[in-house]
Amino acid sequence: MKAYLFLAVAIASELFGTSMLKASEGFSKWLPSLATVLGFGIAFYALSITLQHIPIGTAYAIWSGVGTAVTAIIGIVVWKEAASMTTAAGLVLIMLGVVIINLKGAAH
């Protein structure tokens, strides 16, 4: 169960790092740039701890799937990026893929 807590930290840190990457405006702003490096550093450290207990396929599917979906939502809500039915369908497919991978992993 602790591994999933580290996975949640990895996801949250990656989301923070990605948001700060957008805010850094191509690393031209030093504070968001520093926050980007810190966010990704924490994310990869937490993910490395996670991988000691959760298979890499399962952990990475959750990390990348949730990260991608929530990043898209943050882009729409925070950064006022365009959304469409295609965006929504893609997000649903990403999440279904994560669920399917986890169902297969649970069977082993």
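Leaving out neighbours within four places in sequence, Thr50 is in contact (heavy atoms within 4.5 Å) with Ala3, Phe6, Leu7 and Ala59. Keep in mind that this is a predicted model, where local features need pLDDT of at least 70, side-chain atom pairs count only at pLDDT 80 or more, and totals for chains, interfaces and linings use all residues. Residues are numbered from 1 along each chain as its sequence is written, and side-chain values use heavy atoms, with hydrogens and water left out.

Thr50 sits in helix α2; helices here are DSSP runs of H or I with at least four residues, strands are runs of E with at least two, and both are numbered from the N terminus. Is Thr50 buried or exposed? Its relative accessibility is 0%, so Thr50 counts as buried. For that label, buried means under 20% relative accessible area, exposed means over 50%, and partly exposed is in between, using a 1.4 Å probe and protein chains only. The Thr50 side chain also reaches the backbone nitrogen of Leu7 at 3.1 Å.

Leu7 turns up again in the largest nonpolar core, which has nine residues: Leu7, Ala10, Ile11, Leu15, Ala46, Leu47, Ile62, Trp63 and Val98. A core of this kind is a set of buried Ala, Val, Leu, Ile, Met, Phe, Trp, Tyr and Cys residues joined through side-chain atoms within 4.5 Å. Helices α1, α2 (30-50) and α3 each put in at least two residues, and α1 gives the largest share, four residues. In soluble globular proteins, nonpolar side chains tend to be buried together. As for Trp63, not counting residues up to four places away in sequence, it touches Leu7, Ala10, Ile11, Glu14, Phe44 and Leu47.

Now for the charged pairs. A salt bridge is a side-chain nitrogen of Lys or Arg within 4 Å of a carboxyl oxygen of Asp or Glu, and by that rule the count is two.

| Salt bridge | N to O distance |
|---|---|
| Glu81 and Lys22 | 3.7 Å |
| Glu25 and Lys29 | 3.2 Å |

Glu81 is partly exposed at 39% relative accessible area, and Lys22 is partly exposed at 43%. Lys29, from the other pair, is partly exposed too, at 38%.

Gly26 lies in the loop between α1 and α2. With 69% relative accessibility, Gly26 counts as exposed.

Technical notes. Polar contact = N/O pair within 3.5 Å; in protein donor to acceptor, adjacent residues only side chain to side chain.
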